[in-house]
Amino acid sequence: MLIHLLAAILAALVASPQQFTRVDGLAVDGQTVAVADLPPIQRIAILPDRTTGRDWGLPYLRRAVEDLNRTSPDAVFCIGDMVQGYTRSVEEWERQAEEFKSIIAPLTMPFFPVAGNHDVMGGTRRPDDDTFIAHYRRVFGPLWYTVELDHLTSIILYSEEGLFERRARLSDEQLQWLSGALTAAKARGKPIIVLLHRPLWRIGAVGWSERVQPLLDAAGVKAVFAGHFHSMQRDESVGGVDYHIVGVCGGAIDQHPLSGQFHHLTYIDVRADGTLRVHHSPVGATLPDDWVARDDQDRVYKLRFDRDVLTWKGVFPDPSMASAPIVGEVELEFRNPLDVQVEVSLEQVRAAPGPWIVPNEHFLSWTPVDIFNRATHELIGPFNISGLDRHPVDPGDRTQIPVRLRAIPVSAPVAPPPIEFRVKLLDRRSREIPVFMPLRLPIQRIIPLPDRLESATPYPICVWEPSPYDTLEENPTVRLALERSATADALLVEVRVPDSVVSAYEDDQRTFEERRDDPLADAVRIQIGTTRRSVDVLTEPFAGQTFGDACEAETPERWPNNAGWTQRIRVPWPGGRFDPNASPTLNIGVADNDDTYHTQWRWLSPKSHPARLMLQPSAGRR
């Protein structure tokens, strides 16, 4: 009863925000949902400091202006330090001021500045040098003032009054003005915030807690914002007032973002009920709607999904069969299916990847880190593959790329080394698009067959054609033996499969031809080929079924803690007798279904180069 009650409560919680009309619990298709009485929201943005240091930060400021025009806040406030300042040259100050104004000129919403120390301080070091205060008021605006928006009142303070005396202060004159401004703002009945450049609440000489905080509390101020430190941080709230310090947008920094130092914008959403929600957005987090065009994406798709774009023209010997180091070369053919020239390169993957840098943008892509699958990447092994520097390929051309490699002998078979093949092309904006095409080196398995499974060497069943759907489980292994009798031979197969979720799906009624490439259950496929005959077998261990040619499949044995399973299969040899002169080959695939749409295959050998079989000396005829 309690379970049903909890289920009903959960269903109500899920359904109630959607306001859908339902019949028998099912949402009615084609209905119209009216959403009324949404609370109005006032959104403003804050540009943090842009100064100290060289002009390398200006591109961040320019990109922030693009971000602001895309996010469209109702107004933009700058927290101060708009010019480098600290100069004795009025002409240089004016040049810097005009540079800043030209960068923010494309803003499509009102802009309100806050005076910072760099904006008003001159380079003479004289306490009475107020030259640039007058220039600031002429070029940018007043030192302290109020901005009344529809749902918000913003009060701007001047935090640099004591700058020339080398001590921070808030004059009685400004404090008196603040008191009147707060009284007027409270009477207006809208949420109130205060902005200033230097966080004066942290400076004891100012007497903020005694002189200013009571005024803020009485007026019901929601939050105070400052900058100056070039490090974003959240101070403790005092009473009902939240305190924020923003970082930089174009200003100088030299530390990791987790220290608070990164180029960002700050957004404040003000709801009609007076609630404030503050969030920060890294610069460059918005993109135009035509950031990627259809014709450029079509080219990427052709590279990834056209047939025969990449073809191995050879196979490398298995180091487990070698007694001395192997040095060799195989060819990888690349066909350029595009109407533009591309450049190709390749390298062996030797370590877990880092994030991708997105050229000309201010963000990273963590996709390569997120999708990296340690279970399918053999990063440490006997192979040493030479890389290929960028090589141009004209439209429609084919090129043969020599892949040179060296391998040392190993005592046991290993998985193929991963290779990253890259294709780079220019898009319509002249940006270089990298297309990543993961590969595995083809290895020619040569497997000696003993007469008993207990004497057989385990071989890995691997990913040869990588897919983003590959599971995270370790590779299965297989042991093989040749059973010989007076009348016929049979191949003995034992697969060991790490698999935490098994799938049977007994309801599958499809034929062997319909299911052999895409079973709906966990499956093992065995393909034997000779110059005379071939055998194709599919077993679905947990459905207890076999398809294709005749075989005998034992009931699978589950491992402890449901970590995997083992199955033994006996397949009559095609034609009755194993004949080494008939070029016998074998491939074995394990399909891990996990009750999902995407069945994932791993194979003993590349499909184009099945394993070659031979008799172990001890497996002679009886």
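Residues are numbered from 1 along each chain as its sequence is written. Since the model is predicted, local features need pLDDT of at least 70 and side-chain atom pairs count only at pLDDT 80 or more, while totals for chains, interfaces and linings use all residues; side-chain values use heavy atoms, leaving out hydrogens and water.

The chain has a mean pLDDT (the predictor's confidence in each residue, from 0 to 100) of 92, with 96% of residues at 70 or more. Residues 1-17 stay under 50 and have 1 contact beyond four places in sequence, a contact being heavy atoms within 4.5 Å. Where pLDDT is low, the predicted coordinates should not be read in detail.

Helix α7 covers residues 208-219; helices (H or I, at least four residues) and strands (E, at least two) are DSSP runs, numbered from the N terminus. Its 12 residues should span 16 Å at 1.5 Å a residue, and the end C-alpha atoms agree at 15 Å apart; the expected span is 1.5 Å times one less than the number of residues. W208, V212, Q213, L216 and A219 are the buried residues of α7 (under 20% relative accessible area; exposed is over 50%, partly exposed in between; 1.4 Å probe, protein chains only). Down the helix axis they fall within an arc of 130° (taken from the directions from the axis to the C-beta atoms), so they line one face. E210 and A218, on the other side, are exposed. The buried set packs against α6, β8, β9, β10 and β11. Just after α7, G220 has a positive phi of about 75°.

Most residues other than glycine have a negative phi. Y86, in the loop between β4 and α3, goes positive, near 50°, and is partly exposed at 38%. H228, in the β9–β10 loop, has a positive phi near 75°.
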